[in-house]
Amino acid sequence: MMDKMKLIAGIIVFGSIWGFAECIIGPKLSEVGLPSGALMTSIFAIGLMVTSRMFYRQRGMQLGMGLVAGTLRLFNPFGSCVVCSAIAIAAEGLLFELIWYKMSLDLRDLQTDTMRVSMGIISSYVCYVGGYITTQILTPIVSTSGFYLENLLGFIPQILSRGLLAGIIGAVIVPSVLLLKDLNIKIIKDRLYYPTVAAVSLFCWIFVVVNWIILV
Amino acid sequence: MSLSKERIIPIIAICVLLIGSFSSIYVYALNSNFESNEDVIVINNEEYLLEYLFSNIIIRNLYSINASGIALDNIITSINVNCPSCNSYKIIGKDGYSQIVTWENMQNGVLTNEKKVVFSDLPKAFNVKDVVEIEVIHDG
């Protein structure tokens with residue numbers, strides 16, 4: 001059984017890295033004209049959630065990571081609707097938990113390439129589409145205009161279409177991450193684990209907050 | 001007979017890929033339909049040349065978001081829509097993306113040279129690019 005403190009530290013560090021990527025790397029990808037949403041979900045969100053599931057073998061951890069990443073997103077108040085983005089990130093964590101709920105924690109279900117690729121496609125596509133729909137619902141509600149179901153329904157084909165890229169990248173990311181399956185996080189000594197986790201988490205939070213202060 | 005995970009998960013993955021692929025084909029087909037009418041915009045079921053709109057309607061500068069273009073409320077008033085403030089307005093893009101906004105929002109929005117509608121009082125998610133139609137929705 002994983003030590004609770006070690007697990008909480010893991011949630012914070014992985015969530016912080018995810019949040020850092022959403023706040024700092026995502027906007028840069030947009031600036032150079034890349035499809036940042038699909039790339040962020042399939043590479044960072046799914047990559048980090050599968051990595052954490054593989055190392056820590058705990059259900060609920062990925063939802064926690066989503067909450068940490070979403071909270072960090074609140075400290076980077078750029079974009080159209082910060083609260084909506086934060087909730088969408090947390091929603092991706094929740095969707096991942098639901099998709100992976102029936103999978104064995106030791107990942108013995110994912111021994112074949114077909115299963116790994118399939119889980120990559122499903123996880124990445126559903127998290128991307130789910131996160132996107134969450135934003136499309138929340139943004140009008142938070143803004144003055146109000147939510148119209150018609151707006152969302154008209155855009156559903158676009159959302160489903162854009163998810164294809166995320167699904168295809170997910171098909172590569174998940175099998176790639178699972179190549180590291182034999183690494184065991186438990187062998188890392190506490191005196192190395194906690195300082196490393198604290199340093200990485202602090203770096204992510206300080207970088208995002210300082211970036212906000214400088215740009216504002 | 002129950003399906004094992006090894007069988008059902010690849011089937012779901014294939015379905016997901018098919019949904020994404022068919023949606024992409026649908027969106028591509030939708031975009032192609034609009035390609036021949038680049039210079040025209042449909043407003044309240046009537047076609048207007050963009051050139052006509054840009055030469056006849058006041059340009060508005062939205063300094064807060066660094067954008068300028070023809071004022072959306074002026075477009076509506078210039079085409080004689082009854083009681084503009086009584087209606088909602090649906091802005092529809094070439095890719096099927098649409099947003100319904102209020103008259104107050106229209107008073108803070110512009111149609112830019114690039115056929116993009118932007119609002120100074122709404123989040124970016126309400127921006128619609130490659131606008132092909134502005135539909136007047138008669139409320140109540």
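Two strands pair if DSSP finds at least two bridges between them. Helices (H or I, at least four residues) and strands (E, at least two) are themselves DSSP runs, numbered from the N terminus. With that in hand, look at strand S6 of chain B, where Ser98(B) is the bridge partner of Ile92(B).

What you have here is a predicted model, in which local features need pLDDT of at least 70 and side-chain atom pairs count only at pLDDT 80 or more, while totals for chains, interfaces and linings use all residues. Residues are numbered from 1 along each chain as its sequence is written, and chains are lettered from A and ligands numbered from 1 in the order in which they are written.

**Chain A: helices throughout**

- Chain A has 7 helices and 0 strands, so its pattern from the N terminus is simply α-α-α-α-α-α-α.- The radius of gyration of chain A is 17 Å, close to the 17 Å that the globule rule gives for 216 residues, so chain A is as compact as a globular protein of that length. This radius is taken over C-alpha atoms, and the rule is 2.2 Å times the number of residues to the power 0.38.
- The C-alpha trace of chain A spans about 55 × 45 × 30 Å along its principal axes.
- A residue is buried if 20 or more other C-beta atoms lie within 10 Å of its own, exposed if 12 or fewer, and partly exposed in between, with C-beta atoms placed from the backbone.
- Two residues are in contact if their C-beta atoms, placed from the backbone, lie within 7 Å. Among contacts in chain A between residues at least 6 apart in sequence, 82% join residues at least 24 apart.

- Leu180(A) sits in the loop between helix H6 (149–177) and helix H7 (190–215) of chain A.
- Is Leu180(A) buried or exposed? Leu180(A) counts as exposed, because it has 11 C-beta neighbours inside 10 Å.
- Along the chain, Leu180(A) and Thr51(A) are 129 residues apart, and their C-alpha atoms are separated by 8.5 Å.

**Chain B: overall form**

- Chain B contains 4 helices and 9 strands, and they follow one another as α-β-β-α-β-β-α-β-β-α-β-β-β.
- Chain B has a radius of gyration of 20 Å, whereas a compact globule of 140 residues would have one near 14 Å.
- The C-alpha trace of chain B spans about 70 × 35 × 30 Å along its principal axes.
- Of the 140 residues of chain B, 31% count as buried.
- For contacts in chain B between residues at least 6 apart in sequence, 54% join residues at least 24 apart.
- Chain B is divided into domain 1 (1–36) and domain 2 (38–138), with bounds that come from an automatic or database domain assignment. The centres of these two domains of chain B, taken over C-alpha atoms, are 33 Å apart.

**Strands in chain B**

- An open sheet of 4 strands in chain B has the order S3-S4-S7-S8, with antiparallel pairing. Its edge strands are S3 (59–62) and S8 (117–119), each of which pairs on one side only.
- Within chain B, strand S4 (residues 67–71) and strand S7 (residues 109–111) run antiparallel and are joined by 2 bridges. Here Ile70(B) stands opposite Leu111(B) in S7(B).
- Strand S5 (residues 87–93) of chain B is largely enclosed by the rest of the structure, because 5 of its 7 residues are buried.
- S5(B) runs antiparallel to strand S9 (residues 131–138) of chain B, and 7 bridges join them. Asn87(B) has His138(B) in S9(B) as its bridge partner.
- S5(B) is also joined to S6(B) by 4 bridges, and these strands run antiparallel. They form a hairpin with 4 residues between them, and Gly96(B) in the turn has a positive phi of about 95 degrees.

**Where the chains touch**
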